[in-house]
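Here are some friendly notes to read alongside the model. Please keep the structure open as you go through the points.

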Amino acid sequence: MARTMHAAVVEIFGKPLVLREWDIPVPGRGQILVKTEACGVCHTDLHAARGEWPRKPTLPFIPGHEAIGLVVALGSGVIQVKEGDRVGVPWLFSACGHCEHCLGGWETVCEEAQFGGYTRNGGFAEYLLADPRYVAHVPAALSAQEAAPIICAGLTGYKGIKETQAKPGQWLAISGAGGLGHLAIQYAKAMGLKVCVVDIDEGKLAQATHLGADHVVNAKTDDPSSAVRQVTGGGAHGVLITAPSITAFHQGLGMTRKHGTCVLVGLPPGEFPVPLFDLVANCVTLRGSFVGNRQDMAEALAFAAEGKLRAEIELQPLTAINDILERLEQGQVKGRVVIDFHGESPRSDRTRGPFQAHPSAPITPLHG
Ligand code: NAD
Ligand code: ZN
Ligand code: ZN
C-alpha cells in the first residue's frame, strides 16, 4: 500500500488549510484504519481551523468529523468491526468508558473524551484512524455521501431536539437552517413537532419551507422573538439554537415559552449574558447540548435509513476545502458540502496536483 495520502491540514490558525501529503497512519492496538469515502464539512471545522475555542487543537492537525469510509486494516485486539465494514468516524472519537458520565450514557462529556478532527486527526484525508468502540455503524440503505452529514449535523440536531423535551404536537423553534438546521427540521417533523424556522437568508428559509417547516421567520427583516411568540401563541415549547451567532442566542431565549426549554448547540466564540429575571420568573430551562451518544447516533442514522429525512448535499473534491470553508463563513452553503473521495486513490504515480509533496518540516501526526 502507498505510504502517503493526501490531506488538508491546519498548520497555522486562521490561515488556509494546506493541501499536502501525510503519512498514512498505522493502526495500533485497539485501533482501526478507515479509508475515507466521504466527509461532511461542518461549521465546527471552521471554528477549529481558526482556533476560536478555549481548548485548541495541537498544530498541525487534520479536521473533519463527518467521515464515512471502509475499514481497511485492524490493529490487534479489535473485535467490534471487520475489514470491509462501512463506518463513520464522528466528533466523539473515543471516551474512557468507565467514568460516571460514560456509564450514564453521557460519554460526550467524559473528561477523557477525544474529538475527531480536533484532538485526533479527522476525515479531510484519504485515511484516518478510529476507535472501533466509538465508530458509527452505517446502515446499508445509506451511501457514504448521504450518511456523512448525519453523523454530526443530523445527530446534534436530533439529540438537541430530544433535549428540548418538546412533545409531539408542540412547537419547536429552530434558529439557523444550515447544515444542522436543515436536518433538525426534518427530524422534528418526523418526531411529530410543529416547526418554526428562523434564519437570516431567504434561500435557507425557502429550503426550510420545502423541507416541511410550518412557519419561517427572517431575522433580518422581522423581530424573531415576537414573530415566534405570535405564531406559537406564547413562545415555542422547545427552542434549538444552531446559528453561530450570539445575537441568535439572545433571540432564541426570547422565543422560548414559559416553562419551555432553550437548547444551545451553536458554538460561536464569545459570551452570552443571560437576562436573569426572564429566565427565573418564566421558569425557562437553558441547556447546552453536545453531539449525542452512540445510541443517539444509531437512532439518528436509522431515521435517515428509513427514508424519514435526507441531507441536502453538494459534493466537492478535497482540493476545494478552502473555498468551501470560505462559503460556510459567508453563509453561502445550502444544506451540507460533502467532500467526495470516490475516484481518489492513494499516491503512488498519479500527479500530485495542488498537494505539496514535501512538507517544510517533518511533522508528527497527532496519533500514530
Ligand atoms: P452552517 O454555517 O451550515 O449554518 C448556520 C446557519 O445559521 C446558516 O443557515 C446561517 O444563515 C444561519 N445564521 C447565521 N446567523 C444567524 C442569525 N443571527 N439568526 C438566525 N440564523 C443565522 O453551520 P452548521 O454546520 O449548521 O453549524 C452551526 C453551529 O453549530 C456552529 O457554531 C457549529 O460549530 C455548531 N455545532 C455544534 C455542535 C454541538 O455538538 N453542539 C455540533 C455541530 C456543530
Ligand atoms: Zn460538526
Ligand atoms: Zn468517561
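1. A word on terms before we start: a residue is called buried when its relative accessible area is under 20%. By that cut-off, cysteine 42 and histidine 65 are both buried. Please bear in mind throughout that this is a predicted model.

2. Those two residues belong to a metal site. The zinc ion (ligand 2) has Cys42 (SG), His65 (NE2) and Cys152 (SG) as its protein donors, at 2.0 to 2.3 Å. Along the chain, these donors follow the spacing C-x22-H-x86-C. Cysteine 42 sits in the loop between β3 (32-40) and α1, while histidine 65 sits in the loop between α1 and β4, so the pair ties together parts that are 23 residues apart in sequence.

3. Which residues hold the zinc ion (ligand 3)? Its protein donors are the SG atoms of Cys96, Cys99, Cys102 and Cys110, lying 2.3 to 2.4 Å from the ion. In sequence, the donor residues show the spacing C-x2-C-x2-C-x7-C. The site is tetrahedral, with angles of 106 to 116° among the four donor atoms. For orientation, the ideal angle for four tetrahedral donors is 109.5 degrees.

4. Are cysteine 102 and cysteine 110 buried or exposed? Cysteine 102 has a relative accessibility of 10%, so it counts as buried. Cysteine 110 comes out at 6%, and therefore counts as buried too.

5. Strand β4 (residues 67-74) and strand β5 (residues 86-89) run antiparallel and are joined by four bridges. Strand β5 also pairs with strand β9 (residues 136-137), again in the antiparallel sense, over two bridges. Glycine 88 is a handy landmark here: isoleucine 68 stands opposite this glycine in β5, and glycine 88 in turn stands opposite alanine 136 in β9.

6. Does the length of helix α4 agree or disagree with what its residue count predicts? The helix covers residues 153-164, and its twelve residues should span 16 Å at 1.5 Å a residue; the end C-alpha atoms are 17 Å apart, so the two agree. The helix is mostly covered, with eleven of its twelve residues buried. Among the buried ones are Ala153, Leu155, Tyr158, Lys159, Ile161 and Glu163.

7. A few backbone details deserve a look on screen. Glutamine 165 follows α4 and is found in the loop between α4 and β10 (171-175); its phi is near 60°, a positive value in a residue other than glycine. Cysteine 283 also has a positive phi, near 50°, and is found in the loop between α9 (276-281) and β15 (285-288). With a relative accessible area of 49%, cysteine 283 is partly exposed, because that class lies between 20% and 50%.

8. There is a cis peptide bond to check as well. This bond joins leucine 59 and proline 60, with omega about -10°. Proline 60 has its place in the loop between α1 (43-50) and β4.

9. Finally, the overall layout. The domain assignment gives domain 1 (4-152 + 293-357) and domain 2 (153-288). Their contact takes 26 residues from domain 1 and 26 residues from domain 2. The C-alpha centres of domain 1 and domain 2 lie 27 Å apart.

How values were computed. Residues numbered from 1 in each chain as written. Chains lettered and ligands numbered in written order. Predicted model: local features only at pLDDT ≥ 70, side-chain atom pairs only at ≥ 80, totals over all residues. Heavy atoms only, no water. Donors = N, O, S within 2.8 Å, 3.2 Å for Na, K, Ca; no water. Tetrahedral: all angles 85-135°; square planar, octahedral: opposite > 155°, others 65-115°. Buried < 20%, exposed > 50% of the residue type's maximum accessible area, 1.4 Å probe, protein only. Expected span 1.5 Å × (residues − 1). Pairing = 2+ DSSP bridges. Domains from an automatic or database assignment. Contact = heavy atoms within 4.5 Å.
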